[in-house]
Amino acid sequence: MGEGEVDEGEDAGWGESSRYAAHLDRGWALLDRGELEAARTSVQHAQTVRPDEPDATVLLGAIALAEGNPTESLRCYDRAIELDAEYLEPYAAAAAVCLYDLEDPGRALRYLGDALDLESLAALERIDLQLLAAECELAADELAAARERLASIPELAVLDAALEIAATVADPAAVASDEDEARAAAAEYLGLDPDGEPLEDDERTDRAERVVGLALRLGQLRLDADEAALAVTSLQKLVEHFARDIDAWQLLSEGLFRLGNVTSAAQAGLRALELDGESPLPSWVPTPAVVHRRVVNILSNCPEARIRALVERDPPPAI
């Protein structure tokens, strides 16, 4: 089940499902705001309502990780797996903790192997797991294994179809019955919820962004595995459909350069710079005047006299 999802058919009392989901939603929102103790309180309320559901324990693992305790986080994910061995989320979360926080890619691969054995995985979920597994293999210096995995993911046809549909089809749900299996699976993911109902606009946008994110990860991992030709092939498909994605152009530039195609690499790099220049700065970026003032202040208070001399002249240099 997904975050906050409950089976209405198993609701033992009026309002129980709504209360459980509300506690979880509030808990995740509090975690996002860094209010960890309050998030724990929401977990406790959710577990009081439904002690045998794994979602609250997954949230508890995320809180422990935010507190800087990956060992406790992993214990929570193991407990969630005990509660529901068919629930994907704790396997993926546990693998990420092992890889990124505990620096144990071998253990992460064991979680991912168990996750890939689950019967209810959608194609894009499998791709996500396979990419994380390839990252684990690269971290463990198992280059040949990573290359083999990246070259043989059977669901990549679904990813290609999803990129095309996300870029060109206004209503993906309308093509979910396509005769092509890969295209139908992609359209179903992009356009329908688990009950077969059309997604809201923001939900469709989130899923399209996830598809682009998977394609970027695939390209990056192929570069990391020294498979530049495969990386360029997949990244060219990405920029064909999402021609304004800066990260895709940057990765494509790197791949082309590694292949020795310097002119095309420079053109792709310039395109990334052009797009970056067109993007508005985030609201939190300080103005040039503020940057100048702060840098001059830092340099003028430096204990090294030669560095202070850089800004002690009149007028001081422009930053």
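Biologist: How many of the 12 residues of α3 are buried?

Modeller: In this predicted model, 10 of the 12 residues of α3 are buried, so the helix is largely enclosed by the rest of the structure.

Biologist: Which residues of α3 are the buried ones?

Modeller: They are Asp55, Ala56, Thr57, Val58, Leu59, Leu60, Gly61, Ala62, Ile63 and Ala64.

Biologist: And what do the buried residues of α3 pack against?

Modeller: Their partners are α1 (16-32), α2 (36-49), α4 and α5 (88-101).

Biologist: What span should helix α3 have, and how far apart are its end C-alpha atoms?

Modeller: Helix α3 covers residues 55-66, and at 1.5 Å a residue its 12 residues should span 16 Å. The end C-alpha atoms are 17 Å apart, which agrees with that expectation.

Biologist: Which residue just after α3 takes a positive phi?

Modeller: That is glycine 68, with a phi of about 85 degrees.

Biologist: Turning to α4, is serine 73 buried or exposed?

Modeller: Serine 73 belongs to helix α4, residues 70-83. Its relative accessible area is 0%, so it counts as buried.

Biologist: What is serine 73 in contact with, leaving aside its neighbours within four places in sequence?

Modeller: Serine 73 is in contact with Gly61, Ala64, Leu65 and Val97. Gly61 and Ala64 are also among the buried residues of α3.

Biologist: Let us move to the largest nonpolar core. Which of its residues touch the most other members?

Modeller: That core has 52 residues, and those touching the most other members are Leu124, Leu131, Leu159, Val211, Leu238 and Leu252.

Biologist: Which helices each supply at least two residues of this core?

Modeller: They are α7 (123-139), α8 (143-151), α9 (156-168), α10 (181-191), α11 (201-224), α12 (228-241), α13 (246-258) and α14 (262-278). The largest share, 9 residues, comes from α11.

Biologist: What does valine 211 contact, leaving aside its neighbours within four places in sequence?

Modeller: Valine 211 is in contact with Leu124, Leu159, Ala162, Leu163, Tyr189 and Leu190. Leu124 and Leu159 are, with Val211, among the residues touching the most other members of the core.

Biologist: How many residues does the second, separate core have?

Modeller: The second core has 42 residues, including Ala39, Val49, Cys76 and Ile81.

Biologist: Now the charged pairs. How many salt bridges does the structure hold?

Modeller: There are 18 salt bridges. One of them joins the side chains of arginine 210 and aspartate 128, at 3.0 Å from N to O.

Biologist: Why does the pair of aspartate 226 and arginine 258 tie together separate parts?

Modeller: Aspartate 226 lies in the loop between α11 and α12 while arginine 258 is in helix α13, so the pair connects parts that are 32 residues apart in sequence. Arginine 258 counts as partly exposed, at 39% relative accessibility.

Note on methods:
Residues numbered from 1 in each chain as written. Predicted model: local features only at pLDDT ≥ 70, side-chain atom pairs only at ≥ 80, totals over all residues. Heavy atoms only, no water. Core = buried A, V, L, I, M, F, W, Y, C linked by side-chain atoms within 4.5 Å. Buried < 20%, exposed > 50% of the residue type's maximum accessible area, 1.4 Å probe, protein only. Helix = DSSP H or I, 4+ residues; strand = E, 2+ residues; numbered from the N terminus. Contact = heavy atoms within 4.5 Å. Salt bridge = Lys/Arg side-chain N within 4 Å of Asp/Glu carboxyl O. Expected span 1.5 Å × (residues − 1).
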